[in-house]
Amino acid sequence: MPAAILDDISHRRYNPLRGSWVLVSPHRNKRPWQGAQEVASKSELPKHDPSCYLCPGNKRAQGDINSKYDSTFVFVNDYAAVKEQQTEYDPPTQNGSLASRLLRAESTTGKCYVITFSPDHNITLADMPAATILPVIETWTKIYTSHLDPRSSLAQVAKPTTYPPSATNGNAVEHSQQQYRYMQIFENKGQAMGCSNPHPHGQIWATTSLPEEPSIELENMRKYRREQGGCNLLQDYASLESEKGERTVFENSSFWAGCPWWATWPFEVMVVAKEHKRALVDLDQQNKEDLAEVIAEITRRYDNLFETNFPYSMGIHQAPLTGSNEEIEASHLHLHFYPPLLRSATVRKFLVGYELMAEPQRDITPEQAAARLRNCGGKLYRKKLR
């Protein structure tokens with residue numbers, strides 16, 4: 001356990017993955033837990049919604065018709081944040097002027113996909129057994145593989161992919177016209193996270209730039225690897241947490257999942273490969289099945305915690321699509337779950353005041369959060385209401 005004094009005093013915890021700090025104020029959470037008493041929420045959604053842009057066989061906003069898919073379904077986002085083709089932008093050369101130093105911009109192009117997790121409109125990952133989450137992981141892997149730089153060492157170990165498949169199965173993923181730098185796979189679940197459609201789905205953005213969050217993590221993992229003689233930061237961290245146990249929520253032979261020492265959000269969870277897996281393509285069949293199990297366990301525990309469709313943003317961080325050998329070897333596959341709920345289905349945590357102006361702060365400790373999530377296993381609460 002952490003030093004007992006840390007349960008009583010305000011203190012800061014270091015995040016070696018970002019090189020940043022979080023303020024922890026456990027004394028504010030000493031009062032007994034008396035969360036709001038709320039009725040468990042039921043799903044009132046139909047299995048198929050004829051007005052949903054993501055349901056099988058339906059027309060989307062731009063007029064395209066979804067295939068009558070029975071598993072995952074992938075298409076290029078009708079309202080993509082980045083596009084493959086756009087007007088060229090060449091930053092003006094201003095010979096060291098103030099404007100050139102302080103008013104910088106660069107062009108970014110890319111491709112955005114939507115991936116539905118299931119044809120059923122009225123479920124989420126928490127409702128899905130691991131066996132039905134496995135095709136989602138397979139689809140993530142195939143799309144990542146199809147965008148890899150063929151010169152990358154990852155491309156040498158990646159299994160041949162059927163992507164881009166024929167449009168007949170609805171998964172019209174086309175070859176990219178250029179080599180992208182990074183692929184961000186993520187899911188926003190719930191209206192609280194800005195999700196505008198309840199149909200179970202996520203997104204995949206491939207861009208010519210390396211985004212800031214994975215860039216910061218990658219730099220710190222590279223630094224750790226250099227300083228520790230080739231050791232991997234997150235592999236070491238998963239081993240340490242698995243041994244200690246107090247922040248573990250769930251683990252199997254391939255992955256550790258728990259509330260990280262440096263967590264900012266009250267019930268933040270990180271999933272880390274126990275062995276050095278640089279990206280999805282490094283996972284064998286057992287690894288993929290274990291990852292599906294972990295995702296099922298974490299999302300179900302989230303929903304059981306407050307007996308509600310628990311909102312979160314989840315994202316996968318892994319090796320860049322193209323990069324130096326040092327970047328690729330320092331990368332380590334992991335997932336972040338960032339949920340906003342604090343005390344009940346309706347009481348949220350907001351990053352305001354001190355957290356916006358100074359640094360992140362939390363009251364409930366990661367150890368307390370992990371213990372509560374560990375105790376939320378078992379059958380999904382919604383199935384008990386039927």
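Two strands count as paired if DSSP finds at least two bridges between them, and strands themselves are DSSP runs (E, at least two residues), just as helices are runs of H or I with at least four residues, numbered from the N terminus. Welcome to this predicted model, in which local features need pLDDT of at least 70, side-chain atom pairs count only at pLDDT 80 or more, and totals for chains, interfaces and linings use all residues. Residues are numbered from 1 along each chain as its sequence is written, and side-chain values use heavy atoms, leaving out hydrogens and water.

Let's start with the sheet. Its nine strands form an open sheet in the order β3-β4-β6-β5-β10-β11-β9-β8-β7, with antiparallel pairing. At the edges are β3 and β7, each pairing on one side only. Strand β7 is joined to β8 by three bridges, and the two run antiparallel. Thr248 stands opposite Gly258 in β8.

Now for helix α5. Its buried residues (under 20% relative accessible area, 1.4 Å probe, protein chains only) are Leu233, Leu234, Tyr237, Ala238 and Glu241. They lie on the same side of α5, because they cover an arc of only 125 degrees around the axis, taken from the directions from the helix axis to the C-beta atoms. These buried residues pack (heavy atoms within 4.5 Å) against the elements below.

| Partner of α5 | Residues |
|---|---|
| α4 | 212–227 |
| β7 | 248–251 |
| β8 | 255–258 |
| β9 | 269–273 |
| β11 | 334–338 |

Just after α5, Gly245 takes a positive phi of about 85 degrees.

Definitions and conventions. Buried < 20%, exposed > 50% of the residue type's maximum accessible area, 1.4 Å probe, protein only.
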